[in-house]
Amino acid sequence: MKKIGSILSVIAIICFIACKNNINQENMTDKNNNVLYPKGDKLSNDWFSGNAFLTPLVAKDKNNEFSAGSVTFEPEARTNWHTHPKGQVLLVIEGNGLYQEKGKPAQPIKKGDVINIPENTEHWHGATATTKMVHIAITNYKEEMQVTWLQAVTDEEFTAANKTTD
Ligand code: MN
């Protein structure tokens, strides 16, 4: 009986360690949010609705007339409407989201999609109401200018955009 008791104890300890590791791994994934890059710092609600985060990856320098960064949008998070003077490329690396140009229906975007945004075109990008989305944003400079921020995407606009994904 004693022997069975100690075998059960060993099994219980192994289960405990296994479960604990599992939980730790989940927390790690959640903390970093995606496997490629850390989630980074929260972006200002002056220009983003909800919870959006940025990890800068490449800064403008003597060779690169652009910057690149990983942007994480939690569900419901999105940019304001905005334009880029020399355009922008988005590489979706995680999840499902939305991209919309002014006057056009919103389009669903997902991991692997590449969006090539023309210059001076009013648009927004972000998560859906229920799913997160992570993209690399490669944003060109025109001299020192990269973006002109406009008004927020209203809840009505966001709700309508989400209906295109149903
Ligand atoms: Mn943009």
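1. A residue counts as buried when its relative accessible area is under 20%. In this predicted model, I117 has a relative accessible area of 2% and is therefore buried. By that criterion, 35% of the 166 residues of the protein chain are buried.

2. I117 lies in strand β9, which covers residues 114-117. Leaving aside residues up to four places away in sequence, I117 touches G87, Q88, L90, Y99, H123 and H125. The C-alpha atoms of I117 and K86 are 9.0 Å apart, although 31 residues separate the two along the chain.

3. Several of the residues that I117 touches, among them Q88, H123 and H125, also take part in the metal site, where the manganese ion is coordinated by H82, H84, H123 and H125 through NE2 and by Q88 through OE1, at 2.1 to 2.2 Å. The spacing of these donor residues in sequence is H-x1-H-x3-Q-x34-H-x1-H, and both H82 and H84 are buried.

4. As for the overall fold, the protein chain contains two helices and 12 strands, and their order along the sequence is α-β-β-β-β-β-β-β-β-β-β-β-β-α. Among contacts between residues at least 6 apart in sequence, 70% join residues that are at least 24 apart.

Definitions and conventions:
Residues numbered from 1 in each chain as written. Predicted model: local features only at pLDDT ≥ 70, side-chain atom pairs only at ≥ 80, totals over all residues. Heavy atoms only, no water. Helix = DSSP H or I, 4+ residues; strand = E, 2+ residues; numbered from the N terminus. Buried < 20%, exposed > 50% of the residue type's maximum accessible area, 1.4 Å probe, protein only. Contact = heavy atoms within 4.5 Å. Donors = N, O, S within 2.8 Å, 3.2 Å for Na, K, Ca; no water.
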